[in-house]
Amino acid sequence: MATMESLIVTVNRIQRACTVLGDHGGDTALPTLWEALPSVVVVGGQSSGKSSVLESIVGRDFLPRGSGIVTRRPLVLQLHKIEQGVQEYAEFLHLPKKKFTDFAMVRKEIQDETDRITGKSKQISPVPIHLSIYSPNVVNLTLIDLPGLTKVAVEGQPESIVQDIETMVRSYVEKPNCIILAITPANQDIATSDAMKLSREVDPSGERTFGVLTKLDLMDKGTNAVDVLEGRAYPLQHPWVGIVNRSQADINKNVDMIAARRREREFFATSPDYGHLASKMGSEYLAKLLSKHLESVIRARLPGITSLINKSIDELEAELSHLGRPVAVDAGAQLYTILELCRAFDKIFKEHLEGGRPGGDRIYGVFDHQLPAALRKLPFDRHLSLQNIRKVVSEADGYQPHLIAPEQGYRRLIDGALHYFRGPAEASVDAVHFLLKELVRRSIAETQELKRFPTLQAEIAAAANEALERFREESKKTTLRLVEMESSYLTVDFFRKLPQEVEKGGNPNSVSADRYVEGHFRRIGSNVSSYVGMVSETLRNTIPKAVVYCQVREAKQSLLNHFYILLGKKEAKQLAQLLDEDPALMERRLQCAKRLELYKSARDEIDSVSWAR
């Protein structure tokens, strides 16, 4: 059965994973899980004894020391209690596969990692260092050590350093789930404590603040801090805890922390001033006090944490669904994946054509607006002008004028007029081709599954456009054949009616009489214009049929058929190259999957603790 202690371990693990997986703000409207989880932030002025307090809690000497500003980056310190007899060790988040058993090397790595960001200067950086310590001598706890508050900049520091440090510290302690561990030296006036001043500003009720007095053994003789420790001088909701740090001589002699803890216990037990408080003093008591308080905070926040985890799980599952399944490794599964992606694209493309998505209606616009407009703009007025008719008819007669009707003249005029229909026919084919290419582009962009595979996107686009080019060539041949068919065989019935219509109610000899006058040529122009108009109406109906049959219908039915044939001939290596997923997406899916696994595990543990209460 899960215990509250195991829940703290879970919270620690979630906090660590949140950092590894980048879940501390950014791409979600929800509060981040990191912010929802409680953490203990250590705050104090420079040389207030923060490092000694942390080392006393850990029971190891592992932090850099020196004068001035030593902590120049936040240190997120996670303590994990392990079984007795197991060797303790440390791990850095930036060196995940390296275990440190020599804590002198931990100190060196903190210094080196600090210098890596800030350089060998006295600059500070808000980028945290994450350190986990696994030891049988600690309690499960997460502590965040911050640069010490200061009032003046020293040589080598910018003038803004004072404000920069305070801004950084505030960014942590202002969070409502932050537990503030305010460190103040006992040999300093509590009223001037930087830590207490800041904590009072962000936590005026003192609900989140734990006061820690360090250096009790360095107070002037005849003075003590009992009034503070008993909560009279500076009352807090939580009890004050006194700490006796190692002396500089102990540090120089490398006195281990176990011995230092023993001396600390002896100091309080034998002190005439603090003996009555001995059971509630010291670094060991402080660690247990913080751990116990952390338990109560987690208990109170369990519903909110659970709700946030559930929402995060829903978000991650939705994102994983959006990102798609991982790419298969065997050729058969890869081919199946590629075909599925092609079908997804083809489905969207057909939806555009058939009206489920916008775009297909523009093809109808070519037939309903562009083609009729192009037919109306054909230069028949110029072609059938009296001057051109006279020229064409005369040239058609040759050296001997026509006897009854200028048939060769008619044919040449009609053939010349029908030639103009080639332009609108080809333009209709090209316009539909352009729209189909645009629909291919849009369909690829709208196929979410394809976004993972830029190479496959490009291959499908190339294959689709190549197919559209073939369809265009076939469509162009067909539409031009329609025009040529009209030229190759004229509708005889139309012309057989013309003599009766012309001579009806008139003089039978009028045709011969007017053969070489303007009226004769006008009648020829009118007759040809009527015939061309009839052909225009026919082509206005048949050109769209040909274009739809050769281009739109083929695109719907066989856009990727040739591509499918090529896919069947590809080797496994070539198929894998088509599924060269964007590395950023692969990494994103991996991170989402890891985070999802972590959150589900955390939810299960939290649920088991909730049921056990």
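# A chat about strands, rings and a kinked helix

Q: Is strand β1 mostly covered or mostly open, and how many of its residues are buried?
A: Strand β1, residues 39-44, is mostly covered, with six of its six residues buried. Buried means under 20% relative accessible area, exposed means over 50%, and partly exposed is in between, using a 1.4 Å probe and protein chains only. Strands (E, at least two residues) and helices (H or I, at least four) are DSSP runs numbered from the N terminus.

Q: What kind of model is this?
A: This is a predicted model, where local features need pLDDT of at least 70 and side-chain atom pairs count only at pLDDT 80 or more, while totals for chains, interfaces and linings use all residues. Residues are numbered from 1 along each chain as its sequence is written, and side-chain values use heavy atoms, with hydrogens and water left out.

Q: Back to β1: which residues are on which side?
A: Ser39, Val41 and Val43 are on one side, and Val40, Val42 and Gly44 are on the other. Both faces are covered.

Q: Which strands does β1 pair with?
A: β1 pairs in the parallel sense with β7 (residues 178-185) over six bridges, and in the parallel sense with β6 (residues 141-145) over three bridges. Two strands pair if DSSP finds at least two bridges between them. Valine 40 stands opposite isoleucine 179 in β7, and valine 42 stands opposite aspartate 145 in β6.

Q: What is the strand order in the sheet?
A: Nine strands form an open sheet, ordered β4-β3-β5-β2-β6-β1-β7-β8-β9, with mixed pairing. β4 (95-100) and β9 (241-242) stand at the edges with a single partner strand each, so one side of each has no neighbour in the sheet.

Q: How is β4 joined to β3?
A: Two bridges join β4 to β3 (residues 89-92), and these strands run antiparallel. Alanine 90 has phenylalanine 100 in β4 as its bridge partner.

Q: New topic: how many aromatic pairs are there?
A: The count is 13 aromatic pairs. Rings of Phe, Tyr and Trp (its six-membered ring) pair if their centres lie within 6.5 Å; planes under 30 degrees apart count as stacked, over 60 as edge-to-face and the rest as tilted. One of the pairs is phenylalanine 267 with tyrosine 274: the centres are 6.3 Å apart and the planes at 35°, so this pair is tilted.

Q: Are those two residues buried or partly exposed?
A: Phenylalanine 267 is partly exposed, at 23% relative accessible area, and tyrosine 274 is buried, at 3%.

Q: Why is the pair of phenylalanine 494 and phenylalanine 495 put in its class?
A: Their ring centres are 5.2 Å apart and the planes are at 80°, so the pair is edge-to-face. Ring pairs link Phe494 and Phe495 with Tyr410 and Tyr531 into a cluster.

Q: Where is the kink in helix α12?
A: A kink of about 30° lies at glutamine 370, shortly before proline 372. The bend at a residue is the angle between axes fitted to the seven residues ending there and the seven starting there.

Q: What do the buried residues of α12 pack against?
A: They pack against α11 (331-354), α13 (380-383), α16 (422-446) and α21 (518-558), where contact means heavy atoms within 4.5 Å. Among the buried residues of α12 are Ile363, Phe367 and Leu371.
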